[in-house]
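Keep the sequence and the model side by side as you read.

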Amino acid sequence: MRNGIFVTGGSGFVGRPLLEALQRMGRPVAALARSGNPPPVQAGITIVTGDVLAPDTYREALRSCDVVIHLAAVTGRASAAEHMRVNVRGTQDLLDACRAVGVPNILFVSSIATTFPDIAGYPYAEAKRRAEEAVVSSGLRYLILRPTIILGPGAPVLKALEKLALLPAVVVPGNGRVRVQPIHVDDIVWHITETVRLDRFTNSVSEAGGPDVLTMEELLQHVRLSRVGRTGRVVHVPLGAARFPLRVAEAVGLGPWMPISAGQLTSFRCDGVATNNPLSGRPGSGLLGMSHMVASPPGDTTAAARQLRAECRVFTRHLLGRTPDEYVMDRYRSAHETVPALAAGGRFDESLLACARLGPLGTKIADAYAGLFFRHSVLRKKLILLLAILETRPPFSETIDASIVGSPPVLLARLVLKTTGALLSLVAGTVIFTPIRAALALRGGGAR
Amino acid sequence: MTPTVTVVGSGASGVHFALTVLRKGGSVRMLDVGHQAPAAVMPEASLNDLKQRLADPADYFLGSRFEAVLLPGVADEYYGIPPSKNFVFDHPDGFVHSSSGFSPLFSFASGGLAEAWTGGCYPLTADEIADFPFPYGDLAPHYDEVARRIGITGEQDDLSRFMPMHGHLLPPLELDRHSRLLLTSYARARGRLNRNGAFVGRTRVAALSQALGARQACTHLGRCLWGCPRGALYTPSQTLLDCQAYATFEYIPGLNVSHLRIDPDSRVRAVVCRELNTGVEREFPVERVALAAGALQSTRIFLMSILRATGRRIRLGGLMDNRQVLLPFVNLGMLGQQFSPDSYQYHLLGLGLEGASPRDYVHGQITTLKTALVHPLIQRLPLDLATSTYIFRAIHAALGLVNVNFRDTRRDDNYVELSADEDAPHLCVHYRPDADEPARLRHALGRVKRTLLSLNCVVPPGMTHVRPMGASVHYAGTLPMSRSPSPFTTTEYCQSREFDNLFVVDGATFPFLPAKNITFTLMANAVRVAEAAFS
């Protein structure tokens, strides 16, 4: 019987909980995953390794499906060409494959940005609009879903909002009066599964927003309030003044380090609210409100947990020069709940940790000292445990597995350079920590 | 109905003994604690696929309590036990032992300690069984039989002088690039090395290079350490399954055997055990008993049986174990290259050193580093961990490890006894190495290092690790086979001299322990005893 559901973008922020929810429906589910970026494995879900731009990789899997849920897209800071290639051509290829094997229904997750009156210079919205047109003219039964800002613990948008909200002042591009209507990821997932369950492929467009309409400035203050316990002073940056440096930064390849892309500034001048919101009637407790939407991931509520997250970020940058993902931070935190050896040590342990927490350089200096003179320190144990976690988790594991290759002279030069850095750190560490350790020993302060 | 033979333990010796009796038409009841292996996770996935696809890879690789991470000052070994192998070493509640100079490992797993072995299968030489009270020809055919059952790969080469050839040898496993380079280097230095008594060749490994029955050939998933999900690496639980196909076989797990009930006429009347779930004591009447619980556990049961029957506390001397020394090395010819994850993960090569006498042979297993977790090694460098990780990435492909094994002999001051408490006496193990061990080790390790240097490999200073006694888990010697009918020995058929319907078919009966993994010989000897004693 043809009753399977085919999902693209199953590894994403919406995709992962959606796969869980679909799996609970009891119908066969196949998830398209690019090699190297599969969704977490769940019973009853078939992983199809392929690419939305390569229909040969998934056409066979479509044959047993009667619904396609198309989430895969590039977002944010990708180039205009990449937006067109993946979001427009990719959607077109998927639609062609559906027609070729007779898949009757498609649910396409678009964006509220397609409704903005002016999307010039915002390639994401432009591409989504064209992809919508392709869906409408595909001949398949469709439902186009245009969510507003999707929030919830771990939401990628939340990270961008945090960058603006947690500066010394709340930085608001534009006048901040633009209206938004964020929606919780669980509500989007519920809406999608209801559409599938009730076969609501009505050749229509559904704009999906949350229970409250608020201004962008209010949203940023919500984020700040949830993180630091109070709202903050607001600094408005004129959009024109913000756009130019962002464009320059993107042109020279610094885009990934900017809190926001030039195109995304459009969201700070166009209202993003759902005009025909079909989600007002979610049963039970109704739609999830702002406090749920801006909540940090579980376990991130206490000061101690926040410190562990910060520590994990600094230590991962020290070890691998990378930023840890949510999984690594969560495992690092839970290790502190289960491994007694990571508990606070003596006063000197605390000194090493205080230095290490200052940043990757502080970590390197403290670690270099501990690596030679204090191998049983809590700092070393934390770093080793983190290294162990990173070693099990791609892409960090791939970095650790990637050999440093090269001819012997090149290799030697690299090693000499690295070791010189390590020795300099050791000298710095010795200069800093020897007197501290001696002083603590003299005072009998637990300089173990 | 009382079965022909009641076997205690389901390890390598027990299952091959049982299967032989079953094939000869006898009936077997096997009593066991029997901790079960967890189901294989994603059997087709490679190690790197697992990292990609598991929702919680740290839980699988490091354990829910991160118990597989060895932190400095907490543990002294290179590697922790992977969580998927915890079942091999888990103890039942209330299990107590004490030891001095010895770190014994016990297994209560269905399949025993070899559920976590590395598959080395080395037949002993005629010289090495000179103390055994039977000729070599009595053992040799049973090596063939065990090889036929479990599938052993290997070939005739320079190491065959230390490991006689036998039948049913499968073609050797494919070599990884690093191992190939070592063999090439050996070919160049062979003449000189051989003159100095050093030989290099393929190890014999119970991992399939081609399908055998329902078991599939090794496809290089890189998961040996976590448990081969395809059954390519042999474990005794596979033979237990073969036994369970017989209607005349009864496997009863969940029982901890306490002792044997002895009749006044010195015959074993019953096996007394405790149900682990309920704590209820049960007795199984027996015709004949085969103790195969591992040398230490079989000895404990034997000592308890005598204590319960006579009130005597005796001490059994002669405990042996192979001293093992780990020598990490760097192959200069592999520096700056990418390591190959896709091969068998354990030793593919071996190193043999001739001794002053054939019994002084020293055996090394050479493992090149492939997909194992590397944080245990990275943390050993005395640098900051970022630099250590970088350096490690530069030398990963060039890293290898020689696990050097040393022979042991029976000495009375290495003994096993029961503690003095009346209610629940527990096992006490005492061990002291012989006085000349340090000199022996120093001399042999110098030879190993010089051999490695000839292969273009260097041993980094300070990295040699002498493992504690007990770590090799090749325990033997407490109830030795002997020609003379001394008390607390066994006959050539491993029959107790105290109780004539008791057989001890594990390592306890070995009168000498050569520098080799004895598992293959344990299995062959168990088959020999079953063939001879139960015809």
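This is a predicted model: local features need pLDDT of at least 70, side-chain atom pairs count only at pLDDT 80 or more; totals for chains, interfaces and linings use all residues.

Residues are numbered from 1 along each chain as its sequence is written, while chains are lettered from A and ligands numbered from 1 in the order in which they are written.

Start with chain A. Its C-alpha trace spans about 80 × 50 × 45 Å along the principal axes. The chain holds 16 helices and 13 strands. Here helices (H or I, at least four residues) and strands (E, at least two) are DSSP runs, numbered from the N terminus. Of the 448 residues of chain A, 43% count as buried. A residue is buried if 20 or more other C-beta atoms lie within 10 Å of its own, exposed if 12 or fewer, and partly exposed in between; C-beta atoms are placed from the backbone. Two residues are in contact if their C-beta atoms, placed from the backbone, lie within 7 Å.

Now find strand β1 of chain A, residues 4-8. Is this strand enclosed or open? Four of its five residues are buried, so β1(A) is largely enclosed by the rest of the structure. Two strands pair if DSSP finds at least two bridges between them. Strands of a sheet pair through backbone hydrogen bonds, either parallel or antiparallel. β1(A) pairs in the parallel sense with strand β4 (residues 65-70) of chain A, over five bridges. There, A:I5 stands opposite A:V67. β1(A) also pairs in the parallel sense with strand β2 (residues 29-33) of chain A, over four bridges. In that pairing A:T8 stands opposite A:L32.

Two other spots in chain A deserve a look. A:I150 sits in strand β7 (residues 150-151) of chain A. With 24 C-beta neighbours inside 10 Å, A:I150 counts as buried. Leaving out residues up to four places away in sequence, A:I150 touches A:F13, A:V14, A:A155, A:V157, A:I183, A:V185 and A:I188. The other spot is a cis peptide bond, from A:P394 to A:P395, with omega near 5°. A:P395 lies in the loop between α14 and α15 (396-401) of chain A.

Move to chain B. Three strands form an open antiparallel sheet there, in the order β8-β9-β10. β8 (255-262) and β10 (281-285) of chain B are the edge strands, each pairing on one side only. Strand β9 (residues 268-275) of chain B pairs with β10(B) over five bridges, in the antiparallel sense. B:C273 stands opposite B:R282 in this pairing.

For B:M42, phi is near 40°. B:M42 is partly exposed, with 15 other C-beta atoms within 10 Å. For B:F66, phi is near 55°. The loop that holds B:F66 runs between α3 and α4 (86-89) of chain B. B:F66 counts as buried, with 24 C-beta neighbours inside 10 Å.Next comes the meeting of the chains. How many residues of chain B are in contact with chain A? The count is 39, and they meet 45 residues of chain A. The elements giving two or more residues to this side of chain B are α2 (47-53), α3 (57-62), α9 (375-378) and α10 (385-395) of chain B. α10(B) gives the most, with eight residues. This side of chain B divides into 24 nonpolar, 10 polar and five charged residues. Ala, Val, Leu, Ile, Met, Phe, Trp, Tyr, Cys and Pro count as nonpolar, Asp, Glu, Lys and Arg as charged, and the others, Gly among them, as polar.

Last, the cores. A nonpolar core is a set of buried Ala, Val, Leu, Ile, Met, Phe, Trp, Tyr and Cys residues joined through C-beta atoms within 7 Å. The largest has 204 residues, and those with the most contacts inside it include A:L386, B:V8 and B:F17. Helix α14 (residues 378-392) of chain A gives the largest share of this core, 10 residues. Apart from it lies another core, of 84 residues, among them A:L19 and A:Y122.
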